Amino acid sequence: MTNNLLSIAWRKCKYLDQNTAITGKKQGIRQRLKDTIINYKPLHELMPLHHTFPRVNILLFGAVESGKSSVFNTISSLFKGKIFNIARCGRSSGSFTTKLTKFQVMYGGIAEQLRLTLWDTRGIDETHLMAPQNMKILLKGNLPDRYPLDPSLEVHLDSPGINTIPTLCDVVHCVSIVVDATTIDDMDDNIYRNICQMQTVMNSLDVQHVILLTNIDKICELTKKDATYAYKSKAIQEAVEKVAKKFGVPRNAVFIMKCYEEESFLDDNVDIMTLLALSGILQHCDAYLYRFYESVIDLASKQASLEEENKSLKVEMEEYKSIVKNFKRQFESSQIRQKKKDVVIYDDKMLSNLITESDVLNKEIDRLRDRRDHLKEDINNVK
Ligand SMILES: Nc1nc2c(ncn2[C@@H]2O[C@H](COP(=O)(O)OP(=O)(O)OP(=O)(O)O)[C@@H](O)[C@H]2O)c(=O)[nH]1
Ligand SMILES: [Mg+2]
């Protein structure tokens, strides 16, 4: 572990510098970055008005204990505003995570979710290397949430829940290869070769991939004390260069992270570093979607027109409901008046007509309700 600091940051970053170590300012930067991600919409500036691509999928892949689940927990905590560990993480004889889990990130209540899903996976080790066929299936989006994926065991495509016709919304848009910074030099050869082999699979499917370098606090004492130093740390700079070279990715596709591990409270500097990493990953997701621009527009248009139909059905249904309500009111008041004054306002025929008409309208409302239920299903399927 070293303490060497560079005089200027190894990555130009207007947000993280010792000179900005004023709490108020840091909180402002953190909030701005956070808001940008809360407002993120895939490929937003290139989408036609009122068209939205629902969300992007980010796969966390890497060796056992590289920090995949901690990456999700750290992101989840910072958006929740408190340490909020949803994914189980820790150390065990094999991988702590045993199922493919597709996590949403909430930034408030249950309905306030970022437009991204983080897929946590079981880590690979010498005896559980990822089979290329399994990686293909994962990337193509065939596997459902909570699928007990053992990287080395063949996936059965006839298992329940398998999505046999995934759309562009179901696929992986960017893979984050999670690497523990302390293992770069002595990574097991089989694991290293397996990750490289998986990069070939990702390339064959045009899936973007980046490296997420965790545990940087373990290679730089100063960063451990204060994450502000990370971008001036010589040790971290060297680790980024090494890992980029090792996996053949450009240095700007390597993002650093210090996951929450012993902390009970959030730290502005850790959060800013995490938000920078996440922003970078989202740019890679957008780059992937851009390659499939026409399909993205197709899907977004389909969803937009389904939502439009849903909206107008809702208006139609409200109109019918108010007519029926009116009928009911007329009918009830006529009954009261008839009773009180002993006069006939509606004869039997008129009453039976009224009843038949409101029956017809009620049936129409039921039909519209059915249509809306189907529409909701269709909209979800587009998602
Ligand atoms: N100090 C420190 N510890 C970390 C960091 N990231 C992860 N850890 C710790 O490393 C251990 C393993 O982390 P996990 O998140 O469970 O790793 P994983 O990749 O999900 O592991 P598997 O599910 O077993 O494949 C846990 O004890 C974490 O608290 C980090 O950036 N810094
Ligand atoms: Mg895990």
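**Figure 1. Ile236 sits in helix α6, residues 234-247.** This is a predicted model, where local features need pLDDT of at least 70, side-chain atom pairs count only at pLDDT 80 or more, and totals for chains, interfaces and linings use all residues. Residues are numbered from 1 along each chain as its sequence is written, while chains are lettered from A and ligands numbered from 1 in the order in which they are written. Helices (H or I, at least four residues) and strands (E, at least two) are DSSP runs, numbered from the N terminus. Ile236 is buried, with 27 other C-beta atoms within 10 Å. Buried means that 20 or more other C-beta atoms lie within 10 Å of the residue's own; 12 or fewer means exposed, and anything in between partly exposed, with C-beta atoms placed from the backbone. Setting aside neighbours within four places in sequence, Ile236 is in contact with Ile216, Ile219, Cys220, Thr223, Ala230 and Ile256. Contact means that two C-beta atoms, placed from the backbone, lie within 7 Å. Gly161 is 75 residues from Ile236 in sequence and 42 Å from it in space, C-alpha to C-alpha.

**Figure 2. Leu213 belongs to strand β5.** Leu213 is buried: 27 other C-beta atoms lie within 10 Å. Not counting residues up to four places away in sequence, Leu213 touches Val179, Ala181, Ala239, Val240, Val243, Val254, Phe255, Ile256 and Met257. Ile184 and Leu213 are 29 residues apart in sequence, and their C-alpha atoms are 9.6 Å apart in space.

**Figure 3. Strand β5 spans residues 208-214 and is largely enclosed by the rest of the structure, because seven of its seven residues are buried.** Gln208, Val210, Leu212 and Thr214 point one way from β5. His209, Ile211 and Leu213 point the other way. Both sets are buried. On one pairing, β5 runs parallel to β4 (residues 174-180), joined by seven bridges. Strands pair if DSSP finds at least two bridges between them. Ser176 stands opposite Val210 in β5. From β4 the chain crosses through helix α4 (residues 189-204) to β5, and this β-α-β crossover is right-handed. Right-handed means that, with the strands pointing away from the viewer, the path from the first strand over the helix to the second runs clockwise. Strand β5 also runs parallel to β6 (residues 254-256), with three bridges joining them. Here Ile211 stands opposite Val254 in β6.

**Figure 4. Strand β4 pairs with β1 and with β5.** Six of the seven residues of β4 are buried, so β4 is largely enclosed by the rest of the structure. Strand β1 (residues 56-62) and β4 pair in the parallel sense over five bridges. Leu60 stands opposite Ser176 in β4. Towards β5, Val175 has His209 as its bridge partner.

**Figure 5. A shell of 23 residues lies around ligand 1.** Gly67, Ser70, Cys89, Thr97 and Gly123 come nearest. A residue counts as near if its C-beta atom, placed from the backbone, lies within 6 Å of the molecule or strand. Helix α2 (residues 68-80) gives the most to this shell, with three residues. By type, the shell holds five nonpolar, 10 polar and eight charged residues. Ala, Val, Leu, Ile, Met, Phe, Trp, Tyr, Cys and Pro count as nonpolar; Asp, Glu, Lys and Arg as charged; the others, Gly among them, as polar.

**Figure 6. The protein chain divides into domain 1 (18-291) and domain 2 (301-382).** Their bounds come from an automatic or database domain assignment. The C-alpha centres of domain 1 and domain 2 lie 50 Å apart.
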